[in-house]
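Trainee: Can we go through this structure together? I want to know what stands behind each label.

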Amino acid sequence: MLSSIENQDQSELLFDILVKAKSSCRADKINAINSSLHFPTIRRRALNIFSSWIRPRSVFQVNPELLNANDLKMNVDALSIAITEYMQEQNTQSFCSDAIQKIYARQTCLTLNTQVYKKYYDKLKVSNLLEIIGYVLEAAKQFCNFDAEELERGLLVLKSVDLALNNKPYDRPELKATHLAVDILSSLLQSMESNPEAKRRISGGAKMVQLAISFFTGR
């Protein structure tokens with residue numbers, strides 16, 4: 001689709017731009033704007049969003065190095081919205097853009113009580129996700145019928161989520177493997193019907209695992 005990006009997966013680059021746009025570091029924000037040059041459609045959409053907020057101010061058609069702190073923040077906020085819209089339209093990854101925003105592309109620290117998803121009266125908090133992922137990392141080999149390579153790739157994604165939820169440095173997840181992480185959670189959900197240990201270890205049981213799957217897939 002974009003010949004200017006050689007040997008680079010578009011969703012990986014967009015994820016990187018999104019994370020840098022949400023960074024508190026000025027250099028990261030500038031880098032995000034410069035990297036968005038690879039996506040003229042997204043840049044135009046971001047420009048339109050920005051212009052609808054406050055027309056007289058500078059948009060990122062100028063050198064982002066020259067933008068003051070407020071204008072720079074507004075530009076990357078508009079860019080984040082445009083990228084999120086694009087991801088939703090293209091459905092480029094298993095983890096929906098909302099999950100990415102809340103886990104990776106955030107500016108504030110998460111707490112155990114931070115609510116990341118709600119479905120009707122059911123709520124999914126950081127503490128619930130950590131509990132589920134903790135059990136999965138410990139017991140996945142017992143309930144997953146995956147080959148070793150697929151299981152490891154999926155678990156690496158969940159390890160990245162675990163670190164990010166704990167506000168610790170994390171390796172960027174392999175977006176192409178995010179569907180494997182969801183598949184692992186789905187396998188856990190199926191096994192819980194006959195697995196008393198999983199029921200005991202996860203507060204809220206199968207319903208909470210289903211909420212986690214819904215959160216990651218945007219359902």
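This is a predicted model: local features need pLDDT of at least 70, side-chain atom pairs count only at pLDDT 80 or more; totals for chains, interfaces and linings use all residues.

Mentor: Start with the pocket: the residues lining the largest pocket divide into 7 nonpolar, 5 polar and 3 charged.

Trainee: How much space lies in the largest pocket, and which residues are closest to its centre?

Mentor: About 250 Å³. There are 15 lining residues, and the closest to the centre are Tyr 104, Arg 106, Thr 108, Asn 167 and Tyr 170.

Trainee: Take Asn 167. Why is Asn 167 called partly exposed?

Mentor: Its relative accessible area is 33%. Buried needs under 20% and exposed needs over 50%. The value for Asn 167 lies in between, so the label is partly exposed.

Trainee: Where is Asn 167, and what is its phi?

Mentor: Asn 167 sits in the loop between helix H7 (148–165) and helix H8 (178–191). Its phi is positive, about 60°, although Asn 167 is not a glycine. Most residues other than glycine have a negative phi.

Trainee: Which loop holds Tyr 120?

Mentor: The loop between strand S1 (115–119) and strand S2 (122–125). Tyr 120 also has a positive phi of about 60° and is not a glycine.

Trainee: Is Tyr 120 buried or exposed, and how do you know?

Mentor: Tyr 120 has a relative accessible area of 69%. The cut-off for exposed is over 50%, so Tyr 120 is exposed.

Trainee: Why is Ser 214 called buried?

Mentor: Ser 214 has a relative accessible area of 1%. Ser 214 belongs to helix H10 (residues 205–217). Leaving aside neighbours within four places in sequence, Ser 214 is in contact with Tyr 117, Lys 119 and Arg 219.

Trainee: What makes Lys 141 exposed?

Mentor: Lys 141, in helix H6 (residues 126–143), has 71% relative accessibility. That is over 50%, so Lys 141 counts as exposed.

Trainee: Last one. How do you know that H1 and H2 meet?

Mentor: Contact means heavy atoms within 4.5 Å. Ile 17, Lys 20 and Ala 21 in H1 meet Asp 28, Lys 29, Asn 31, Ala 32 and Ser 35 in H2. By class, this contact has 3 nonpolar, 2 polar and 3 charged residues. The axes of H1 and H2 come within 7 Å and cross at roughly 145°. The crossing is left-handed.

Notes. Residues are numbered from 1 along each chain as its sequence is written. Side-chain values use heavy atoms; hydrogens and water are left out. Axes are lines fitted to C-alpha atoms, for helices over the stretch in contact, and angles run from 0 to 180 degrees between N-to-C directions. Helices (H or I, at least four residues) and strands (E, at least two) are DSSP runs, numbered from the N terminus. A crossing is left-handed if the near helix is turned anticlockwise from the far one by less than a right angle, and right-handed if clockwise. Ala, Val, Leu, Ile, Met, Phe, Trp, Tyr, Cys and Pro count as nonpolar, Asp, Glu, Lys and Arg as charged, and the others, Gly among them, as polar. On a 1 Å grid over the protein atoms alone, a cavity is a set of points where a 1.4 Å probe fits but cannot get out, and a pocket is an open set with protein on both sides within 12 Å along at least five of seven lines; lining residues have an atom within 4 Å of a point. Grid points are joined across faces, edges and corners, and a volume is the space filled by probe spheres set on the points. Buried means under 20% relative accessible area, exposed over 50%, partly exposed in between (1.4 Å probe, protein chains only).
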